[in-house]
Amino acid sequence: MAIIGSVLYTFISVIMFLMFARAILSWFVRDLSNPIVRFLFEVTEPLISPIRNLLQKMGLGGGMIDFSFIVTYLILLVLLEVVTALF
């Protein structure tokens with residue numbers, strides 16, 4: 001069971017790191033033809049998109065700040081704590 005916890009912890013940590021890198025790069029690089037930016041976008045967007053759609057249905061999306069990114073990051077943070085507590 002400890003191996004499963006370790007793998008889940010590592011996976012969630014890597015996704016959180018990639019999301020953080022995407023956020024930082026979005027301030028400087030807007031070119032989706034850049035392979036690094038494209039990779040970060042392709043890996044993290046499937047996690048962020050459903051949250052974005054949910055927030056838009058609730059009337060909370062579409063503003064200057066992308067709250068879906070923040071909500072997704074917080075969900076991953078909670079999952080990381082749950083994995084730590086369980087394993």
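Helix axes here are lines fitted to C-alpha atoms over the stretch in contact, and angles run from 0 to 180 degrees between N-to-C directions. Helices are DSSP runs (H or I, at least four residues), numbered from the N terminus.

This is a predicted model, in which local features need pLDDT of at least 70, side-chain atom pairs count only at pLDDT 80 or more, and totals for chains, interfaces and linings use all residues. Residues are numbered from 1 along each chain as its sequence is written, and side-chain values use heavy atoms, without hydrogens or water.

The chain has three helices and zero strands (E, at least two residues). The order from the N terminus is α-α-α. The C-alpha trace spans about 40 × 35 × 15 Å along its principal axes.

Helix α1 covers residues 2-28 and helix α2 residues 35-57. Their axes come within 9 Å and cross at roughly 105°. The two are therefore roughly perpendicular (65 to 115 degrees). In α1, the residues in contact (heavy atoms within 4.5 Å) include I15, L18 and R22. Their partners in α2 include F39, L40 and I48.

The largest pocket has a volume of about 480 Å³. Its lining has 15 residues, with R22, A23, S26, R30 and D66 nearest the centre. Both α1 and α2 give two or more residues to this lining.

Note on methods:
Angles under 35 degrees count as roughly parallel, over 145 as roughly antiparallel, 65 to 115 as roughly perpendicular and the rest as oblique. On a 1 Å grid over the protein atoms alone, a cavity is a set of points where a 1.4 Å probe fits but cannot get out, and a pocket is an open set with protein on both sides within 12 Å along at least five of seven lines; lining residues have an atom within 4 Å of a point. Grid points are joined across faces, edges and corners, and a volume is the space filled by probe spheres set on the points.
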